[in-house]
Amino acid sequence: MSKFITLSNVSKIFNPGTPLEVDALQDIDLVLDRGEFVVLSGPSGSGKTTLLNLMGGLDRASGGTIRIDGKEITALHEDALCDERRDNIGFIFQAYNLIPVFSAKENIEYVMKLQGRDQPSCDRRVTEVAKKLGIEKLLHKLPSNLSGGQQQRVAVARAVASKPKLILADEPTANLDSVSAGELMDMMEKLNREENITIIFSSHDPMVIGKAKRSVVLKDGKVIKNETVS
Amino acid sequence: MRPYLRLGVRNITQSKGRTAVTLLLSAFSTAVLIFSTAFMDGQHRVMLKNAVETYPGYIQITHENFRDNPGYENLIENSDTLVQRLQNDPRIGSISQRFETYVLLSTKEHSVGAMIAGIQPQKEQTNSILAKSLHRGKYLQKGDGNAIYLGSELAKNLQVKVGDTLAYIGNGVDYSFCADNVVVKGIFQTGLFQFDASSAFVSKEYFDHMFVSDNLATHIVIYPADIDTANELAQKIKPQLPPALHVQSWKEFMHTLVQAMELDSIFGYITLAIFFIVIFFVILIYTLLNIFARTREIGVLRAIGTGKKQIMGMLLFESTVLSFAGVLAGGAIGAALAYYFNLNPIELGAEFEKQFKQYGLVSSALPTTFEPLTILRDMGIMFVLCMASTLYPIVKINAMNPVEAMHHV
């Protein structure tokens with residue numbers, strides 16, 4: 001195992017200098033290894049989503065540095081950060097956030113197309129990922145014709161298809177029933193194992209939290225526990 | 001095709017309601033703009049035709065001093081030869097000579113000073129609307145002797161009708177005394193009060209015989225083959241004339257009309273500018289609402305690696321396709337309307353025609369112009385307007401970071 005993600009002194013202040021100023025994250029130091037399956041947990045407002053957004057380069061830290069695979073993403077310019085997200089980071093959102101006018105297959109291959117991969121290569125990868133996630137028969141359907149669980153599987157497929165080094169999932173099971181949530185976590189665990197992708201997800205759900213191999217607990221914007229789960 | 005452009009195509013084809021409203025908005029605006037411009041230009045052309053063709057004509061040749069001193073010492077000499085030479089020019093549609101002077105017209109009870117002009121009746125049928133303005137009786141013919149064609153107000157002042165006889169007294173070119181009795185052959189009404197109250201016409205053959213004006217004229221009037229080229233034609237004719245003669249197009253000798261038309265154009269363009277502003281903001285607001293409704297979707301696209309330039313490319317692509325299609329459809333509708341009403345002018349009816357005549361307008365018909373270049377110009381303006389109105393929302397939404405965009409409500 002090698003240091004894959006390093007957060008040093010990371011802080012995030014919303015609305016600085018205004019009466020609405022909020023210290024969402026304070027002096028976060030965190031080191032995660034490649035291929036880890038990590039859960040961020042903690043009460044609402046503890047900073048889980050903010051931390052995921054900062055690690056994914058979706059938002060800028062107010063202070064500190066974040067390194068992913070040796071690259072300091074906090075120092076990257078907007079365009080370079082966008083390339084980093086496209087090439088190395090996959091996202092899974094609580095509300096699935098599929099592109100409504102694209103079919104499941106087009107959603108899955110979208111990031112690969114952005115990367116410039118040709119159609120046969122995209123087709124092969126979509127078939128491979130769809131098979132692993134059990135969504136081969138859903139590929140031609142629009143998101144509006146899929147159930148919540150099916151949409152989240154497509155969202156997972158979209159996140160992993162481009163072979164990112166890191167997947168960030170913000171409460172991926174929050175909108176799913178317990179059976180679907182369990183299945184989704186099993187799939188993510190399988191992908192983590194088989195494709196050696198580092199996966200970090202946030203959750204409140206003890207069943208989901210129990211699937212992780214490392215647990216990071218946040219409270220009031222601070223890491224209060226960081227432990228490997230046996 | 002690049003994936004974000006493909007997404008743009010899909011947004012257009014699958015968001016049918018949004019696409020339909022955008023297309024309708026730009027098509028309607030374009031059609032209205034094209035029709036308004038064609039209608040405004042059409043009214044200018046009517047105004048021009050009414051003013052110019054009532055009598056003055058599009059191009060006039062006179063002695064260089066005639067306008068300042070319209071006396072017999074400033075006449076066009078050898079006018080027949082000059083007309084024969086010029087009428088072979090294919091750019092000239094029609095050319096005629098006139099000799100204008102002032103006489104006293106009298107009946108037993110009334111006398112009125114008026115302009116009397118010797119005209120070439122057949123050629124004047126093209127050069128002016130004198131023949132078309134016939135109100136009573138008949139228009140003049142070549143070879144008519146002592147027959148006179150009177151303005152309606154002048155006939156009213158003299159209290160004569162068709163068939164009545166009246167006398168005139170004036171001076172011949174040789175300053176001899178000149179008088180005769182003439183029979184009222186016809187009465188015209190152009191609607192221009194002053195003209196109808198002070199003008200009378202006889203055939204030039206008769207006039208030349210009485211006023212000793214053979215081969216002389218005060219005016220040579222030219223009707224160009226293409227009336228839009230009157231100014232250029234006047235400039236081209238100039239070198240062919242003897243040095244003592246002067247040629248002017250209607251834009252020069254009717255400069256007050258030109259000013260009136262320019263003023264009217266300014267008001268017309270102000271109206272159109274207000275229309276532009278309204279349309280601009282309607283499209284801007286609609287685009288703003290549309291694009292902001294997609295803020296979350298755009299945030300997600302940014303989050304998964306679509307660059308700002310690519311998002312801008314996608315939105316501009318959608319906007320370009322919809323604007324182009326809308327403007328094209330609106331252009332076709334506007335052009336069709338302009339073409340139809342060019343051939344079939346809007347008729348306001350007989351009641352309006354009476355009122356129009358009081359203001360010097362010959363007809364109550366309101367035609368549009370049909371000029372492909374003007375239509376293309378208007379389509380271009382609308383396209384630029386549609387595109388410009390989408391820029392602000394696109395720039396605004398692209399300025400958000402992905403998290404802001406995804407949490408936008």
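Reader: What makes a residue part of the lining of the largest cavity, and which residues lie nearest its centre?
Author: A cavity is a set of points on a 1 Å grid over the protein atoms alone, where a 1.4 Å probe fits but cannot get out; a lining residue has an atom within 4 Å of a point. By that rule, 22 residues line the largest cavity. T22(B), T287(B), S319(B), L322(B) and T390(B) lie nearest its centre. Helices α1 (3-14), α2 (16-54), α10 (255-293), α12 (308-343) and α14 (372-398) of chain B each give two or more residues to this lining. A helix here is a DSSP run of H or I, at least four residues, numbered from the N terminus.

Reader: What should I know about the model and its numbering?
Author: This is a predicted model: local features need pLDDT of at least 70, side-chain atom pairs count only at pLDDT 80 or more, and totals for chains, interfaces and linings use all residues. Residues are numbered from 1 along each chain as its sequence is written, chains are lettered from A in the order written, and side-chain values use heavy atoms, without hydrogens or water.

Reader: How much space lies in the largest cavity?
Author: About 290 Å³. Volume is the space filled by probe spheres set on the grid points, which are joined across faces, edges and corners. The structure holds five cavities of 30 Å³ or more.

Reader: Why are C122(A) and C386(B) called buried?
Author: Buried means under 20% relative accessible area, exposed over 50%, partly exposed in between (1.4 Å probe, protein chains only). C122(A) has 0%, so it counts as buried. C386(B) has 2%, so it is buried too.

Reader: What makes α3(A) mostly covered?
Author: In α3 (residues 104-114) of chain A, 10 of its 11 residues are buried. Among the covering elements are α4 (119-133) of chain A and α11 (295-303) of chain B. G116(A), with a positive phi near 95 degrees, follows α3(A).

Reader: How many residues of chain B are in contact with chain A, and how much area is buried?
Author: Contact means heavy atoms within 4.5 Å. By that rule, 24 residues of chain B touch 24 of chain A. Buried area is the accessible area (1.4 Å probe) that two parts lose on being put together, summed over both. Here that comes to about 2,200 Å², 60% of it on carbon and sulfur atoms. In chain B, P3(B), R6(B) and I304(B) lose the most area to chain A, together 25% of what that side buries.

Technical notes:
On a 1 Å grid over the protein atoms alone, a cavity is a set of points where a 1.4 Å probe fits but cannot get out, and a pocket is an open set with protein on both sides within 12 Å along at least five of seven lines; lining residues have an atom within 4 Å of a point.
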